[in-house]
Structure formats: C-alpha cells, structure tokens
2 protein chains.
Amino acid sequence: VKRAGFPAPLTALIDQLKRLPGIGPRGAERIAVWIARSADARPAALAEALSAVAERVRPCPRCGFFAEPDACAICGDPARAGGPICVVEQATDALAVERSGAFAGSYHVLGGRISPLDGVGPEDLGVPRLLERVREERPPEVILALGSDVEGDATAIYLAQMLAGAGAKVTRLAQGMPAGGGLEHAGELTLQRALGGRREV
Amino acid sequence: VKRAGFPAPLTALIDQLKRLPGIGPRGAERIAVWIARSADARPAALAEALSAVAERVRPCPRCGFFAEPDACAICGDPARAGGPICVVEQATDALAVERSGAFAGSYHVLGGRISPLDGVGPEDLGVPRLLERVREERPPEVILALGSDVEGDATAIYLAQMLAGAGAKVTRLAQGMPAGGGLEHAGELTLQRALGGRREV
C-alpha cells in the first residue's frame, strides 16, 4: 500500500510558504491546511494582494522608499521639498522615522550598509546616486540615521567623508540611553556613549 | 507634513497575511516587505499555488481526507478496499497515521471532536455518515484514532456506543508510554494507563 500524503496542489503551496521569512516547514503546513480547510480562509484575496504588490510596488527612483509606479508618497509631498535628507539603510527604517513624527524632509535608502563579512562594500550602496542628489538638491542637512553598531559606524564614517565636499551639513543620530530604559539594562557601550554625550540640565 | 506609511498594496497584503494562523502583525510586515523587495521572492508563484489549492483541493466526499476534485489518493487505492476504517479528528491526523506506515485501510475524518466548551456536539461530527459507511461497507474493524485527552475519550465512548449495533469490531489506539520516553517525563495519567495496560513479556 502506497502511503498517502498531501495532494500535489497542497505540497506546492507548502513549498512556496516555506520560502517566506520566519515560516518553517511546520508553520507552512499549518497555514496550507488552514487555507484548504477553513471557512475563514480567503485564498483568492491573498493571491490578489500578492499580485498587486508584485505589479504595483517599486522602489522610488529618487529616494528608494516604497512607491507605486506613478507616485512616491514622500517625494510627491511639496511640504517636504527643500528639506533635509535622512539617509537610512532600509525602506522600513524610513517608516520608523516617519512614525516618530520628528522629521519632515525626504529620505535616501541605501539598501544596506558596509559589511565586509557579508561582502557588501561602498560600491554596493549606490553612494554615487546619493552624492548626485546632494549636489543637485542642495539640502540644508544630511542626517545619517544608521544603526549604532560596528557596521553602522563604518558606513556613517565613510558617508561623512564622501559628503564632505558636497556642501551640506552632515549629522548623525544622537547615541545614548533609550527612552524608558533603566541603567541596569543598558549595555556598557550605551553607557559609555551616554556619558560621553552628556548635557547640562 | 503627513506621515508616510506603506503604500496601499503593501498595507492590503499585510492585512491578508495577518489573518494566517501563526503570523502576527510584525511577521506579516516582514513577509510583505520581503515580497516587495527581495530578488528571491516569487509572489506570482505563491499566488498561483494559492489559487490552485482554492480551486482543486476539496474534502473527499467519502472519507473527508484532502482530495483533488476527481480523485482521493486513499479511496482510489484498490489495495485499501475492504480494509478497516480508521476514524480521525482531522485530515492531518490521517497524514500522521500514514507516516507511521502501520495502517493500510481507509479513513473517516470527523472534522472535530465532542467539545461542549467549544459548542461542538455529536451532531456536528457527521456521525450519521460514518454509521452509513460502516453499514454499507461492512469493514472488519473500526479503529478510533482519537486524542487521548478528555474530549478524545468522550468522543470515543460516544462513537463506540453509536457503532455498537453496526456489526463492526470497534477498537481504540493503545495508551501507554510514548516511544523513547523516560519515566521521569511521563505524566501521572500516562503512567496510570501504561500500568493498567501492562503486558507480560
């Protein structure tokens, strides 16, 4: 007797789901069975949403943020024109800055950071495009909103050197204690930097 | 300045992904961004796999296992005809029995088990259909392969009563020590049942 398994369409769906980040073989099976069996599942709606993203969402050619082919919500906003440029690693980092509500300029998404171990060098980050933008748009300030780890530091130092001759003020996010964080949870490096950057009150 | 967020197609995809079992809001964002950005993502292939499952996978009208509209791998196998019927709660339980390689009959998927707390009574499990099958097919044995917890016990006792007059031998899976399990990890109830079912060696 041949052992029975999932029918071919379910096996194909499980294989596709396993490829998604954060979904393992068991999770993929669970989702596929739910899609095949649950009255609440709407596989057609999910399939349409996937197709819409594949067809309509592109990196903005100017800033690299998520954009529909005909419009980037940030580059298309006249209230942001002429403001500072905030340089981030990923489009999702720009979303985090947006949620803070503390920035009203435009973004430049590098798509990564200098990381020799991962084989990412300066030439992979589209830095010439950033330099071109700074020379053309003459922003009052370029804010390097990069991670505060070794690769973020290396990327910031490299970008600051490259931007030195472009005429814009170059700044970096403050480093120190996170909001709501107690001293007992702060790492040594965080406390070093918080002490080094202390301000009179 | 209006804060920017995900473009509409990405928000729609995140909403659909959040509905899947085991995927939370952060996981849904992570998957949607990967689909929009990664060169490895194949959203069209995933959309097609979803549509194929929606269109082609149905519960088998005889046994309730996953089946393509024109064939159930188990009911269509002549080597299984006339064998015992294994009653399981879910189609995935039938897959687990198949993986064991220790059963060569057909299945009957109840679609649940008696659970008053979840509002599932005997009438929700399609028991009349099971009784009809047993009367028509006259299997040599009906094996109740249900969970060994309170609801599994209640469902097994109820089914045994209903099947009493149908002329088939009704059995239940053995309960005892799981393979590879040490005594220190076995629960009290497992040890009670393992002692109660002990066999001479």
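This is a predicted model: local features need pLDDT of at least 70, side-chain atom pairs count only at pLDDT 80 or more; totals for chains, interfaces and linings use all residues.
1. The interface deserves attention next. The contact draws 56 residues from chain B and 56 residues from chain A, and 100% of the interface residues of chain B are also interface residues in chain A, so the copies meet through the same surface. The area buried between chain B and chain A comes to about 5200 Å², and carbon and sulfur atoms give 71% of that area. On the side of chain B, the residues that lose the most area to chain A are R19(B), R37(B) and L50(B), which together make up 13% of what that side buries.

2. What kinds of polar pairing does the rule find across the interface of chain B and chain A? There are ten residue pairs in polar contact, both residues of each pair being at pLDDT 80 or more, whereas the count of salt bridges across this interface is zero. The elements that give two or more residues to the side of chain B that touches chain A are the helices α1 (8-18), α2 (25-37), α3 (43-56) and α4 (91-100) of chain B. Of the elements on that side, α3(B) gives the most, with eleven residues.

3. Although no salt bridge is found between chain B and chain A, the count over all chains comes to 22 salt bridges. One of the pairs is formed by the side chains of R56(A) and E68(A), with a distance of 2.9 Å from N to O. This pair links distant parts of the chain, since R56(A) belongs to helix α3 (residues 43-56) of chain A while E68(A) sits in the loop between β2 (66-67) and β3 of chain A, twelve residues apart.

4. Within chain A, four strands make up an open sheet in the order β4-β3-β5-β6, and their pairing is parallel. The edges are held by β4 (106-109) and β6 (169-172) of chain A, each of which has a single partner strand, so one side of each is left without a neighbour in the sheet. On average, neighbouring strands of this sheet are turned by 25° against each other, direction ignored. As background, strands of a sheet pair through backbone hydrogen bonds, in either a parallel or an antiparallel arrangement.

5. Which residue of β4(A) is the bridge partner of V87(A)? The partner is H108(A), and the pairing to which strand β3 (residues 85-88) of chain A and β4(A) contribute consists of four bridges, with the strands running parallel. Two helices of chain A lie over this part of the sheet: α4 (residues 91-100) lies across β3 and β4 of chain A, running at about 155° to β4(A), and α5 (residues 127-137) lies across β3, β4 and β5 (141-144) of chain A, running at about 155° to β4(A).

6. For chain B, the sheet is likewise open and four-stranded, with the order β4-β3-β5-β6 and parallel pairing. Here β4 (106-109) and β6 (169-172) of chain B stand at the edges with a single partner strand each, so one side of each has no neighbour in the sheet, and the twist from one strand to the next averages 25°. Strand β3 (residues 85-88) of chain B pairs with β4(B) in the parallel sense over four bridges, and V88(B) stands opposite V109(B) in β4(B). Helix α5 (residues 127-137) of chain B lies across β3, β4 and β5 (141-144) of chain B, at about 155° to β4(B).

How values were computed. Residues are numbered from 1 along each chain as its sequence is written. Chains are lettered from A and ligands numbered from 1 in the order in which they are written. Side-chain values use heavy atoms; hydrogens and water are left out. Two strands pair if DSSP finds at least two bridges between them. Axes are lines fitted to C-alpha atoms, for helices over the stretch in contact, and angles run from 0 to 180 degrees between N-to-C directions. Contact means heavy atoms within 4.5 Å. Buried area is the accessible area (1.4 Å probe) that two parts lose on being put together, summed over both. A salt bridge is a side-chain nitrogen of Lys or Arg within 4 Å of a carboxyl oxygen of Asp or Glu. A polar contact is a pair of N or O atoms within 3.5 Å; within protein, one must be able to donate a hydrogen and the other to accept it, and residues adjacent in sequence count only if both atoms are side-chain atoms.
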